Amino acid sequence: MRLVFAGTPEVAVPALDALIASDRHEVVAVVTRPDAPAGRGRRLVASPVAERAEEAGIEVLKPARPRDEDFLARLREIAPDCCPVVAYGALLPKAALDIPAHGWVNLHFSLLPAWRGAAPVQHAVLAGDEVTGAATFQIEQGLDSGPVFGVLTEEIRPTDTSGDLLTRLAFAGAGLLTATMDGIEDGTLKAVPQPAEGITLAPKIEVEDAKVDWAAPALRIDRLVRACAPAPGAWTVFRGERLKLMSAALVADRADLAPGALDVTKKAVYAGTGSHAVELLWVQPQGKKPMKAADWARGVRIEAGERVG
């Protein structure tokens, strides 16, 4: 089939690579979000998907809005058979959905109908799910509600961050998306409606959602830190400034610290919670680079009785 691939972040690149490598399909164009400011200089930078497509000599479309008439006109000229999508980041209007003969097929990183929305992996980690996965489905105008072509499952390991899990799903999902394109092309794959039961929503996790409540149980705090890594990053306040928590570990044998209380040894930093303590492993003070928590504690010279939160 003639494909127009839609995607934006790094997590979408493995699927694009897999489709480019396919000997059954041709990626004739890519749709991605417009260049965005990045870095300290805030200069405009192309998305990872745009950069990969340009390397491969593929036409790149960067509409400000997918409903823009010039974009829709170009898509009609290209006349794709199908448009595979991975983390594109914009809502597609019906006028765009109707152009390809086989529609738009999304690779979503959850076992639908669980965790529909922008942050399925983060919510799966936050909820303590033991298994998640990925699904390919036909995009319709509802939120991740279209019929499903195929699924794969992936175990969530006890120390997985969202970044860890998303990386594994991106590579496994690339194979699933390619197989879905194959099945659509040869007519062997039919989409099945999602169940009406088991629907959960996964809205974007905002910075304020990532603030640590030290009165919560340690398990909840551990899940929050892992779910928010690498973005937006769980955080707390120390001496009036924001302190990002990059990673932490459960410490089952420490129940002697009050919520937010700190205990610093030569090699470790412990923080009290509503249950047992957690060990802070890596932190990022405001305006500085990530560092080991023990190095941070030595640098700021934490005094007896100081706390986070």
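This is a predicted model: local features need pLDDT of at least 70, side-chain atom pairs count only at pLDDT 80 or more; totals for chains, interfaces and linings use all residues.
Mentor: Two strands are said to pair if DSSP finds at least two bridges between them.

Trainee: Why is strand 15 called a partner of strand 14?

Mentor: Strand 14 and strand 15 (residues 291-292) share 2 bridges, again antiparallel. The threshold is at least two, so they count as paired. Trp282 faces Lys292 of strand 15. These strands form a hairpin with 5 residues between them, and Gly287 in the turn has a positive phi of about 80°.

Trainee: Let us turn to single residues. Why is Asp160 called buried?

Mentor: The relative accessible area of Asp160 is 4%. Buried means under 20%, and therefore Asp160 qualifies. Asp160 lies in the loop between strand 9 (148-155) and helix 6. Among the residues it touches beyond its sequence neighbours are Val125, Leu165 and Arg226.

Trainee: What makes the link between Asp160 and Arg168 a polar contact?

Mentor: The side chains of Asp160 and Arg168 are joined at 2.7 Å.

Trainee: How do you know whether Gln194 is buried or exposed?

Mentor: Gln194 has a relative accessible area of 13%. That value is under 20%, so Gln194 is buried. Gln194 belongs to the loop between helix 6 (162-186) and helix 7 (218-227). Its side chain makes a polar contact of 2.9 Å with that of Arg116, and reaches the backbone oxygen of Asp144 at 2.9 Å.

Trainee: What makes helix 7 a mostly covered helix?

Mentor: Of the 10 residues in helix 7, 7 are buried. They include Ala218, Ile221, Leu224 and Val225. The cover over these buried residues includes helix 5 (120-126), helix 6, strand 10 (234-238), strand 11 and strand 14.

Trainee: Which element gives the largest share of the lining of the second largest pocket?

Mentor: Helix 7 does, with 4 residues. This pocket has a volume of about 260 Å³. Its lining comprises 15 residues, with Arg157, Pro158, Thr159, Asp222 and Arg226 nearest the centre.

Trainee: How many residues of the lining of the second largest pocket are charged?

Mentor: The lining has 6 charged residues, beside 7 nonpolar and 2 polar ones. Arg157, Asp222 and Arg226 lie in that lining; Asp and Arg belong to the charged class, so these residues are counted as charged.

Trainee: What is the volume of the largest pocket?

Mentor: The largest pocket has a volume of about 1300 Å³. Its lining consists of 46 residues, with 30 nonpolar, 11 polar and 5 charged.

Definitions and conventions. Residues are numbered from 1 along each chain as its sequence is written. Side-chain values use heavy atoms; hydrogens and water are left out. Buried means under 20% relative accessible area, exposed over 50%, partly exposed in between (1.4 Å probe, protein chains only). A polar contact is a pair of N or O atoms within 3.5 Å; within protein, one must be able to donate a hydrogen and the other to accept it, and residues adjacent in sequence count only if both atoms are side-chain atoms. Contact means heavy atoms within 4.5 Å. On a 1 Å grid over the protein atoms alone, a cavity is a set of points where a 1.4 Å probe fits but cannot get out, and a pocket is an open set with protein on both sides within 12 Å along at least five of seven lines; lining residues have an atom within 4 Å of a point. Grid points are joined across faces, edges and corners, and a volume is the space filled by probe spheres set on the points. Lists of a residue's contacts leave out its neighbours within four places in sequence.
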